[in-house]
Amino acid sequence: MGIFPFLVVAWVMVVGLYGIITSRDLIHQIVCLIVVQSSTYVLLLGVGYVTGGAAPYFFDIPLHTKAVDPVVQALALTDVVVEAAVTALLLSFAIQAQKRFGTLDPTELAEFKG
Amino acid sequence: MTPRQRLWFFAVAAAGLVACYLWAFAGLPGFGGYPGPYGQEILRVAVRQTNATGVVSAINFDYRGFDTVGEEFILFAAAAGMSVVLRKLREERETEPADEAGSRTVPPSSSAVRVAALLMVGPTAVLGWWLASHAQTSPSGGFQGGVILASAFILIYLAGEFLSFRRLSPDALLDAVEAAGAGGFVAIGLAAIAMNLPYLDNFLPLGTIPGAVSSSGTIALISFFVGIEVAAAFTAIVGELLDQTLLRSA
């Protein structure tokens, strides 16, 4: 395994960035941003993994069972919430762009600016 | 810049980024060998200190509860920001939902879809409520439960009842619930200060059995407040987006 999960992180992030660069539609671009952010979940959970560790919930496993790091899992939760908030705001900006300029194409939208 | 030039520019930048990334990863402890002392220390003491068997919730709502206040207000601010960005503009007015292309025949949504969606409303609401109120025992919590609670409302819309969706979630009610959820979290922290304890200190009785719903003191209470705040915020966000379909430029 070694470095493999971190290669996945780099791959997911670069694929998302490629999507943002080449996108011709704001909604598609927002989805690509979600893909970029997904790479941070993989990174957080990958960093905190402990070989053979259980989930950090001691409801039905004995206390002091070896478990994965719960701190990065809490951070991943924060990450998800922030992503939901960012996505909601970006979607509302996309709606306003469509209303004002009648297009969702970023290259066409760039022409409206001075 | 032509799209082609931009792609080349991106290829060079991405190659540099990936190189730096891999260089950084080479210095990380191998996958599965995380040596961070903080997480292991919390695993050792959390259940004893809080009587919560869900250590992730114990971290979110107790150890780093102050961060989670900020996290909750990010969502609060996003919902508020959305209603500002999507406010009714001067040249817009709200229209009654009407078929704008009368010549086009729209197949009505099938009864199977409508019945399935309506049947799922109840179980979804119960599941969301259960998750929001069991943060202290199992992998759940206010954020997850709140989103599922909100999706119970969205199922009503899916069942083809846009007007019922809006009637069940009037803006005034959503605003009040959202404010109560966000304010409740802050108030719990202030209550601790009033008792001469640090902000958000766990001042409620912890119960006797780890993992019981009544255990874990303020963790369960904060998770409940977060749950209703998140449910209201997401219902408001979806409602804002759906309302846009009723706005027309005059």
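**View 1. Helix H2 of chain A, residues 26–48**. At 1.5 Å a residue, the 23 residues of this helix should span 33 Å, and the end C-alpha atoms lie 34 Å apart, which agrees. The expected span is 1.5 Å times one less than the number of residues in the helix. Helices (H or I, at least four residues) are DSSP runs numbered from the N terminus. The model is predicted: local features need pLDDT of at least 70, side-chain atom pairs count only at pLDDT 80 or more, and totals for chains, interfaces and linings use all residues. Residues are numbered from 1 along each chain as its sequence is written, chains are lettered from A in the order in which they are written, and side-chain values use heavy atoms, with hydrogens and water left out.

**View 2. Buried residues and start of H2(A)**. The buried residues of H2(A) pack against helices H1 (4–22), H3 (70–101) and H4 (106–112) of chain A. At the start of H2(A), a side-chain oxygen of Asp25(A) comes to within 2.9 Å of the backbone nitrogen of Ile27(A).

**View 3. The interface of chain A and chain B**. Chain A contributes 50 residues and chain B 53 residues to the contact (heavy atoms within 4.5 Å). Between them the chains bury about 4500 Å², 77% of it on carbon and sulfur atoms; buried area is the accessible area (1.4 Å probe) that two parts lose on being put together, summed over both. Ile21(A), Tyr57(A) and Leu77(A) supply 13% of the area that chain A buries against chain B, more than any other three residues.

**View 4. Arg166(B) in helix H7 of chain B**. Helix H7 comprises residues 162–168 of chain B. Arg166(B) counts as buried because its relative accessibility is 17%. The side chains of Arg166(B) and Asp243(B) are joined by a polar contact of 3.1 Å. A polar contact is a pair of N or O atoms within 3.5 Å; within protein, one must be able to donate a hydrogen and the other to accept it, and residues adjacent in sequence count only if both atoms are side-chain atoms. Not counting residues up to four places away in sequence, Arg166(B) touches Asp171(B), Gly239(B) and Asp243(B).

Conventions. Helices (H or I, at least four residues) and strands (E, at least two) are DSSP runs, numbered from the N terminus. Buried means under 20% relative accessible area, exposed over 50%, partly exposed in between (1.4 Å probe, protein chains only).
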